[in-house]
Amino acid sequence: MEKITKTTTIQEVIEMGDKAVEVLLSFGRRCVGCPKARTETVELVSQKYGIELEEFLAKLNEAVS
């Protein structure tokens, strides 16, 4: 499985499966179906919504491993 990085788009994360989507939801991000998901990166979402990037990446990667 490919590792999620700060430059991974939210759409790519969503395509990695339900567990990845669950992590997004746990951080309050309802990205499924949002048109911005195609272009916004994990880093941009973390900055925009005050999410600690390293924790976000760790949880996402754990979910898809």
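Two residues are in contact when heavy atoms of theirs lie within 4.5 Å.

## Basis of the model

This is a predicted model, in which local features need pLDDT of at least 70, side-chain atom pairs count only at pLDDT 80 or more, and totals for chains, interfaces and linings use all residues. Residues are numbered from 1 along each chain as its sequence is written, and side-chain values use heavy atoms, with hydrogens and water left out.

## N61 in helix α4

N61 belongs to helix α4 (helices are DSSP runs of H or I with at least four residues, numbered from the N terminus). N61 is buried, at a relative accessible area of 17%; buried means under 20%, exposed over 50% and partly exposed in between, with a 1.4 Å probe and protein chains only. Beyond its neighbours within four places in sequence, N61 contacts K3 and I4.

## The nonpolar core

A nonpolar core is a set of buried Ala, Val, Leu, Ile, Met, Phe, Trp, Tyr and Cys residues joined through side-chain atoms within 4.5 Å. The largest one has 19 residues, and I10, L24, V42 and L60 have the most contacts inside it. Two or more residues each come from α1 (10-14), α2 (18-26), α3 (42-49) and α4 (53-64). The most come from α4, which gives six.

In α2, the buried residues are A20, V21, V23 and L24. They lie on the same side of α2 because they cover an arc of only 155° around the axis, taken from the directions from the helix axis to the C-beta atoms. These buried residues pack against α1 and α4. D18, K19 and S26 are exposed on the other side of α2.
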